[in-house]
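Have a look at the sequence and the model first, then we'll go through it by topic.

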Amino acid sequence: MLESQRIKSLALDTGFDLCGIARVRRFGRNEEAFRRWLERGYDASLTYMRNHLDVRFDAQRLVEGARTVVVCAVSYRSHLSEGYDAACRTRIASYACNRDYHKTIRKMLQQMLRTLQAEHPALAGRAFVDSAPLLEKQYAVEAGLGWIGRQSLLITPRLGSFVLLGELVLSDEADLYDTPYTRNGCGDCRRCMEACPTGALTAPMTVDATRCISCHTIEAPPESEVDLHGWIFGCDECQSCCPHNRHAPLHRNAAFDPLFDPAAIGPAEWAAMSDDDFAGRFGSTPLKRSGLARLQRNAARNARPTEKKQ
């Protein structure tokens with residue numbers, strides 16, 4: 001049997017800020033809500049969301065014999081998370097100004113898993129960082145880390161929503177499981193919904209990707225005509241306005257230090273940038289996924305009036 005305190009100690013030693021432990025279970029209500037979301041066409045260009053629906057809501061289909069989900073969270077909040085001056089037309093979501101979190105968090109999780117397997121040789125498990133259809137935010141709630149806010153993101157009482165998640169799905173039982181978080185910390189606040197420039201938050205915890213700036217700067221076809229409101233990769237509007245983030249501490253893990261300041265790179269510099277320059281400056285960040293050409297198109301769109309807004 002796994003010792004919960006040992007797991008949490010490992011998580012903190014590895015560089016995570018929060019760790020909770022939940023039992024594996026199937027999420028039937030989440031599946032019903034997700035299927036209604038798909039029926040409305042809110043997935044837009046995110047066609048991969050329709051894959052593996054039989055797996056998404058049952059972690060035992062991801063890891064045979066799974067009993068326990070360890071949810072780890074790390075803050076990435078920096079001064080860039082506080083928002084941009086209205087004149088900035090090359091805004092980038094603050095998580096993308098760091099090294100690619102997928103690689104960083106996966107290494108941290110794998111280090112934990114190796115240690116646990118050395119102590120429990122029969123232990124089987126896998127590490128996940130956006131790499132499989134696992135309901136990570138719901139498991140974070142089950143593990144007591146926080147609640148899902150109106151903007152559909154996990155909000156933690158101490159660190160706000162500028163956190164990144166990673167999970168270990170393990171085959172052994174734990175000696176103690178955390179109590180699910182049941183408090184709705186949003187209360188009557190609707191600032192995130194009111195702040196969304198395109199009205200993509202159509203209802204609490206409901207994002208219409210056909211309107212979402214983050215989707216249109218990263219995922220949607222380049223001919224998309226949604227007004228990007230100065231963003232060229234991602235969007236932090238629904239987070240920067242959140243009261244829980246305004247009082248949250250800055251990140252402590254140096255692996256999530258920003259590597260550049262988007263406000264210091266104007267449209268002209270993006271337009272003149274070569275592929276080699278881009279690879280050298282941003283090749284280790286999430287911007288690599290988008291590619292230079294798309295970022296240049298987004299910057300150019302922000303520099304001219306939008307003909308059609310949604």
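How many aromatic pairs does the count come to? This is a predicted model, and the tally is 11 aromatic pairs. The rest goes topic by topic.

**Aromatic rings**
- Take Phe-27 and Tyr-139: their rings sit edge-to-face, at 4.9 Å centre to centre with 80° between the planes.
- Phe-27 is in the loop between β1 (18-23) and α2 (28-39) while Tyr-139 is in helix α5 (residues 136-142), so this pair ties together parts that are 112 residues apart in sequence.
- Phe-27 and Tyr-139 are both buried.
- One aromatic cluster is made up of Phe-260, Trp-270, Phe-278 and Phe-282.

**Nonpolar cores**
- The largest nonpolar core counts 51 residues, and Phe-16, Ile-92, Ile-105, Trp-270 and Leu-287 have the most contacts inside it.
- Helix α4 (residues 101-119) supplies the largest share of this core, with 7 residues.
- Apart from that core there's another one, of 49 residues, including Leu-18, Ala-22, Tyr-139 and Ala-209.
- Leaving out residues up to four places away in sequence, Ile-105 touches Phe-16, Val-74, Val-129, Leu-164, Leu-165, Gly-166 and Phe-256.

**The sheet and its helices**
- Four strands make an open sheet in the order β1-β2-β7-β4, paired antiparallel.
- β1 and β4 (125-128) are the edge strands, each pairing on one side only.
- From one strand to the next, the twist averages 20°.
- Strands β2 (residues 68-75) and β7 (residues 163-170) run antiparallel and are joined by 8 bridges, with Val-71 opposite Glu-167 in β7.
- Helix α1 (residues 4-14) packs on the sheet, touching β1 and β2, and its direction makes about 145° with that of β1.
- α4 lies across β2, β4 and β7, at about 35° to β7.

Terms used: Residues numbered from 1 in each chain as written. Predicted model: local features only at pLDDT ≥ 70, side-chain atom pairs only at ≥ 80, totals over all residues. Heavy atoms only, no water. Core = buried A, V, L, I, M, F, W, Y, C linked by side-chain atoms within 4.5 Å. Buried < 20%, exposed > 50% of the residue type's maximum accessible area, 1.4 Å probe, protein only. Helix = DSSP H or I, 4+ residues; strand = E, 2+ residues; numbered from the N terminus. Contact = heavy atoms within 4.5 Å. Phe/Tyr/Trp six-rings, centres within 6.5 Å; stacked < 30°, edge-to-face > 60°. Pairing = 2+ DSSP bridges. Axes fitted to C-alpha atoms, helices over the stretch in contact; angles between N-to-C directions.
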